[in-house]
Amino acid sequence: MTDVVPPGPAAGPLVGRDTEQQLVAALLRSARDRRGAALLVTGDAGIGKTALMEAAVAGPIGFQVLRLNGYEAESTMPFAAVHRLVIALREHVGTLPRRQQTALSVACGEDGPPPDRFLVGLGVLGLLAAAGSVQPVVCAVDDAHLLDAESLDALAVVARRLEAESVALLLAARDDPAVTGRLAGVGSLRLTGLPAEPAARLLASVLGTPVDPVTAARIVEATGGNPLALVDLANELTVRELTGTGVFDEPVPVGRRLEAFYLRQVRRAAADLQRWLLLAAADPTGDVALIRAAAARLGLAHVAGDEPDAAGLVELGATVRFRHPLVRSATYAGATGPERRRTHQALSAAADGLALAELAAWHAAKATVGPDADVADRLEAVANRAGQRGGFRSRASLLTQASGLTPPGPVKDGRLVMAAEAAMTAGAAGLADSLMGEVDEATLDPAGRGRLITVRVNHAFLTADPTVLRSPADMIAAAGAFHGLDPAAEQHALIKAFGHAVTVDRLGTAVPLTELGHRLMAGAALRDGVAGTILRALGTYVLRPYPEAVPALRAAVAALDGTGPADLLRFGPIGVAVTAALWDETAMRRCLQRTEAAARDLGSVYLLDSILWLRSLSALRTETPRAAQRHADQARELRRAMGNDAGSIVNVALLTWSGHPRSQVEAIIEQARATGFGAVYASGVGALAAQDLAAGHYRAAYVRLKPLVDEPFLQATPLDYPDFVEAAARAGQVAQAEAFATRLEAFASASGAAWARGVAHRSRALVSADELAEAHYTAAIATFAPTVLAIELGRAHLLYGEWLRRMRRRKDAREQLRRALVLFDDGDAPAFAQRARGELEATGERPAGPAGAGHGLTPQEMAVARLAATGNTNAEVGAMLFISANTVDYHLRKVFQKLAITSRRQLAARFGDTAHGDAS
């Protein structure tokens with residue numbers, strides 16, 4: 001249950017837990033001082049987790065105390081625990097942004113689109129923060145290992161995002177890798193057995209008589225200092241038995257010994273009371289109405305439960321609670337299989353009568369032996385409702401149970417595929433892999449095979465499996481499976497096939513590009529719409545000369561511009577390829593900005609993660625390394641909020657521009673090539689070549705780029721042509737440089753984009769006679785100047801300044817080189833800045849050293865500042881950055897202090913219009 005309880009008197013100190021209590025007390029003091037924090041307490045059964053939490057929530061005066069327990073029967077009911085918490089904090093729901101209110105309402109059972117569990121988590125964070133603004137809050141979650149997966153994920157978001165809130169979150173759980181993994185990044189405390197001295201004191205206090213030190217030490221060693229074992233086994237054994245020579249010659253199996261002890265207590269009760277206890281043990285929700293209804297069905301209506309309550313086995317109140325989970329497990333395990341099944345049948349029927357459909361299905365499954373189509377259908381129906389609420393991990397679990405109760409055949413395997421899909425949506429790659437391994441593909445219909453192929457491909461990308469190399473061919477096969485059955489799924493599979501082809505780059509040989517192009521064109525003809533327009537553009541680009549593809553590519557950009565947020569989540573990522581093919585940096589930035597905004601607004605955290613990395617990659621091409629780093633920092637911060645390894649994915653090209661050791665970069669790109677991620681390898685090679693150019697190592701740059709340009713690949717390779725022209729021209733390969741400069745001019749003529757025109761002019765200048773070069777340099781600068789292409793502009797100034805110096809026009813050269821230096825310093829391109837300084841020194845000027853860190857804002861502060869500068873409220877900024885409004889306010893105060901400003905108007909003046917698109 002979830003209770004809001006008044007603060008009680010301070011509990012006495014727990015025996016032997018002084019250090020642990022001090023740690024919890026420090027957590028509460030931080031919460032009182034608006035420094036929210038969380039703590040996960042783990043340990044074996046009976047080790048004292050609950051006692052530590054009870055002592056914590058009994059002590060803090062002036063706190064609002066929320067208690068939340070996990071129940072096994074709710075473990076597949078998505079957001080069941082969140083629902084109970086929302087009820088307790090319902091008065092604060094109206095303070096949340098609309099999206100969070102909607103997410104919480106759907107998670108709690110109302111109609112609406114399935115919410116992302118991270119958005120639900122942010123809503124819970126907002127509720128706790130709002131409650132903490134009124135009165136400090138301590139939320140104590142016991143048996144967290146029994147929470148439903150979605151609620152645990154939501155609370156994990158809260159735990160990792162607590163910063164400036166008057167909230168302390170305490171979670172207690174058994175030692176369980178699944179729990180600790182989901183709560184990665186949260187502070188933890190593992191309770192172990194009591195040391196000898198306090199354990200002896202506890203034992204003596206229970207026995208009421210002293211125990212000699214030698215015997216006490218033996219008992220403590222045998223029980224591992226487990227407090228529950230010391231208390232309850234001491235009550236069972238006499239001092240004579242405790243001091244006997246043979247009792248503790250071997251360590252006591254604490255759990256088994258205690259369960260046997262509790263089972264003996266249960267067996268002392270009358271037969272009807274034992275059956276009633278089994279009912280209570282079989283339904284871990286402790287729902288009194290449900291247990292009474294089931295008891296009536298078993299002829300136990302006369303049993304009220306007072307006798308086991310008096311015996312100390314259960315506690316009767318708003319719910320039925322066993323004295324300890326081991327009492328419940330002993331009661332349940334001590335019954336025979338038929339007894340347990342009859343009990344679950346009664347509970348299932350009672351739950352049906354009380355309109356508790358999920359609980360009824362759960363108990364029905366527990367009552368079933370062997371295949372049962374009716375129960376399996378009920379579980380699937382519950383699974384569907386779980387998916388509608390955003391409970392994809394619960395959906396996967398329920399469908400797995402349903403498949404286990406389904407006879408072999410297409411229905412069973414179809415349920416396994418659906419379960420694997422849900423597991424992948426929930427990010428449970430291991431579960432998805434296990435489920436796919438159980439599928440008999442021969443029984444699936446064509447659409448089922450297409451879905452299974454799609455899940456396998458998604459799994460390969462999530463786990464970096466080398467099978468990604470065949471992913472384009474696999475997705476074409478999936479599209480073929482959907483053909484004639486689901487045109488939308490077929491088109492989407494084909495778009496994915498192209499996207500995967502871009503990812504594996506030249507390493508993917510399972511399907512020739514011409515075959516891919518023809519399949520894209522056939523898919524475009526299936527039906528009109530955004531997907532068809534995109535497929536036609538991509539197919540034309542693959543198959544036809546570039547000038548013929550430009551109109552189709554422009555039509556795709558127009559279609560993307562006309563899409564709403566929901567469609568952007570599906571099609572926005574492929575827009576990078578379309579706009580890159582057009583050399584249209586403005587459209588690329590617009591598409592990514594809109595997709596990012598849609599992902600933030602709709603709470604699609606996994607897509608937002610991908611989009612931030614795409615923005616980092618594209619900013620390195622079209623803006624500055626500084627902008628690329630900002631997006632990468634935001635992605636890492638988001639990954640920390642998700643509990644993922646923030647360093648698991650890197651922008652290898654950005655590492656190169658940032659000056660990381662070449663050996664490290666080369667090792668990363670070789671690993672990428674080995675696992676099939678050819679685009680990562682190619683981008684790393686291109687970045688290394690750019691740094692070779694900055695250092696004047698033209699031959700090295702030429703050698704790096706030659707294999708790429710000799711085997712051009714889709715829209716990616718032409719972006720390397722400008723660097724290849726510079727490398728070839730300076731390495732003495734003038735004919736090759738001229739040939740590729742001509743190709744760039746053809747791209748520019750067909751696309752008309754400023755990016756293409758600018759690099760074409762700059763490249764032509766490099767291979768032109770002196771009397772013609774200057775006009776092309778100035779044209780390149782004039783073309784880049786109004787765009788966000790700051791580094792491209794800086795390189796045009798740099799090359800023009802170098803040319804002017806060679807023409808002995810030192811004054812003019814200095815002006816161009818100074819402009820280049822400012823752009824490189826501002827954009828955080830140190831290698832090119834060093835080259836510009838060297839050229840300036842060659843003209844006789846002593847340039848200043850690189851600027852310092854400037855404002856000194858952290859990535860999180862920078863993100864808050866930029867979003868606040870554009871007029872967003874604290875709540876809106878918090879919703880976009882997955883933090884609370886209180887934390888936004890905290891960061892803004894630090895921003896104002898660091899920037900020495902006092903108003904949002906000054907903030908807008910500082911960040912509202914940053915040159916060359918360095919603002920988000």
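**Close-up views of ring and charge contacts**

**View 1. R340 meets the ring of Y332.** R340 lies over the face of Y332, 5.3 Å from the ring centre. A charge is taken to sit over a ring if NZ of Lys or CZ of Arg is within 6 Å of the ring centre and within 35 degrees of the ring normal. Before we go on: this is a predicted model, where local features need pLDDT of at least 70 and side-chain atom pairs count only at pLDDT 80 or more, while totals for chains, interfaces and linings use all residues. Residues are numbered from 1 along each chain as its sequence is written, and side-chain values use heavy atoms, with hydrogens and water left out.

**View 2. F724 and F740 form an aromatic pair.** The structure holds 15 aromatic pairs (rings of Phe, Tyr and Trp, the last by its six-membered ring, with centres within 6.5 Å; planes under 30 degrees apart are stacked, over 60 edge-to-face, the rest tilted). The ring centres of F724 and F740 are 4.9 Å apart with planes at 75°, so this pair is edge-to-face. It links distant parts of the chain, 16 residues apart: F724 belongs to helix α38 (residues 721–730) and F740 to helix α39 (residues 734–751). Helices (H or I, at least four residues) and strands (E, at least two) are DSSP runs, numbered from the N terminus. Both F724 and F740 are buried (under 20% relative accessible area; exposed is over 50%, partly exposed in between, with a 1.4 Å probe and protein chains only).

**View 3. Around F740, a charge and a ring cluster come into view.** The charged end of R743 sits over the ring of F740, 4.2 Å from its centre. Ring pairs also join F724 and F740 into a cluster with Y541, Y546, W583, Y702, Y721, F747 and W755.

View 4. D153 is buried at 7% relative accessibility, and R182 is buried at 17%.

**View 5. R621 reaches D720.** The closest N and O atoms of this salt bridge are 3.2 Å apart. R621 lies in helix α32 (residues 605–622) and D720 in the loop between α37 (698–710) and α38, so the pair ties together parts 99 residues apart in sequence. R621 is partly exposed at 31% relative accessibility, whereas D720 is buried at 6%.

Notes:
A salt bridge is a side-chain nitrogen of Lys or Arg within 4 Å of a carboxyl oxygen of Asp or Glu.
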